[in-house]
Amino acid sequence: RMRPGVRYVLGPGATTMAVGRRLGLATTLLGVDVVQDGALVAADVTDRQLLGLVDGRETHAVVSVIGGQGFVLGRGNQQISPAVLRKIMASGGLVVLATRRKLAGLGGRPLLADTGDPATDALVEGYVPVITGHRESALYRIRPATEEFR
């Protein structure tokens, strides 16, 4: 599903690392990596580096769901800072990955965003397609964590 000329920020985790491996790239397990046109642009980037890498480019953030909790932003992927996420949401958007089992484990609770900036969390609020397998997806809601835990 990756399009030519578009940058993809791969968040941390085994699921996103598997995407990198499928592309034949040496992406990191715990870091944030940037790929474009089947090549690794940068590995294990900081939020400052990431900000420069997404500036002025169509970019999508590929993130996975933390099982049992439902967080997609703000837990383990702080490199995708509010400033970075605002640029990504203006030019591309989120690509969320999760197995059906992981989504079922949430028991209907929404996915959560907790970047530390409520206005940025509100940018991702709503329904997003979650890729659950090859040519499979499910529509699922993302909410700001601050709204969910009131």
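Modeller: The answers below set each value against its definition.

Modeller: This is a predicted model, in which local features need pLDDT of at least 70, side-chain atom pairs count only at pLDDT 80 or more, and totals for chains, interfaces and linings use all residues. Residues are numbered from 1 along each chain as its sequence is written, and side-chain values use heavy atoms, with hydrogens and water left out.

Biologist: Why is L51 called partly exposed?

Modeller: Buried means under 20% relative accessible area and exposed over 50%, with partly exposed in between (1.4 Å probe, protein chains only). L51 has 29% relative accessibility, and therefore counts as partly exposed. The residue is found in helix α2; helices (H or I, at least four residues) and strands (E, at least two) are DSSP runs, numbered from the N terminus.

Biologist: Which residues does L51 touch, leaving out those up to four places away in sequence?

Modeller: L51 touches A83, V84 and K87 on that count, where contact means heavy atoms within 4.5 Å.

Biologist: What makes the largest nonpolar core a core, and which residues have the most contacts inside it?

Modeller: A nonpolar core is a set of buried Ala, Val, Leu, Ile, Met, Phe, Trp, Tyr and Cys residues joined through side-chain atoms within 4.5 Å. The largest such set has 29 residues, and L50, L73, V96, L111 and I142 have the most contacts inside it. Among the elements giving two or more residues to this core are α2 (47-54), α3 (82-91) and β9 (136-144). Apart from it lies another core of eight residues, including V6, L25, V35 and L97.

Biologist: What does I142 contact beyond its neighbours within four places in sequence?

Modeller: The contacts of I142 include V72, L94, V96, L111 and V128.

Biologist: How do you know that the buried residues of α1 line one face of the helix?

Modeller: In α1 (residues 14-22), T16, M17 and G20 are buried. Seen down the helix axis, the buried residues fall within an arc of 105 degrees, so they line one face; the arc is that of the directions from the helix axis to the C-beta atoms. An α-helix has 3.6 residues a turn, so residues three or four places apart point the same way. The face of α1 turned away from the buried side carries the exposed residues A14, R21 and R22. What covers the buried residues of α1 includes β1 (7-10), β4 and β6.

Biologist: What makes β8 and β9 a pair, and in which sense do they run, parallel or antiparallel?

Modeller: Two strands pair if DSSP finds at least two bridges between them. β8 and β9 have seven, in the antiparallel sense. In β9, the bridge partner of I131 is S137, and that of Y127 is R141. The two strands form a hairpin with two residues between them, and R135 in the turn has a positive phi of about 60 degrees.

Biologist: How many bridges join β6 to β8?

Modeller: Two bridges join β6 to β8, which run parallel, and L97 stands opposite I131 in β8.

Biologist: What places R75 over the face of F71?

Modeller: A charge sits over a ring if NZ of Lys or CZ of Arg is within 6 Å of the ring centre and within 35 degrees of the ring normal. R75 lies over the face of F71, at 4.1 Å from the ring centre.
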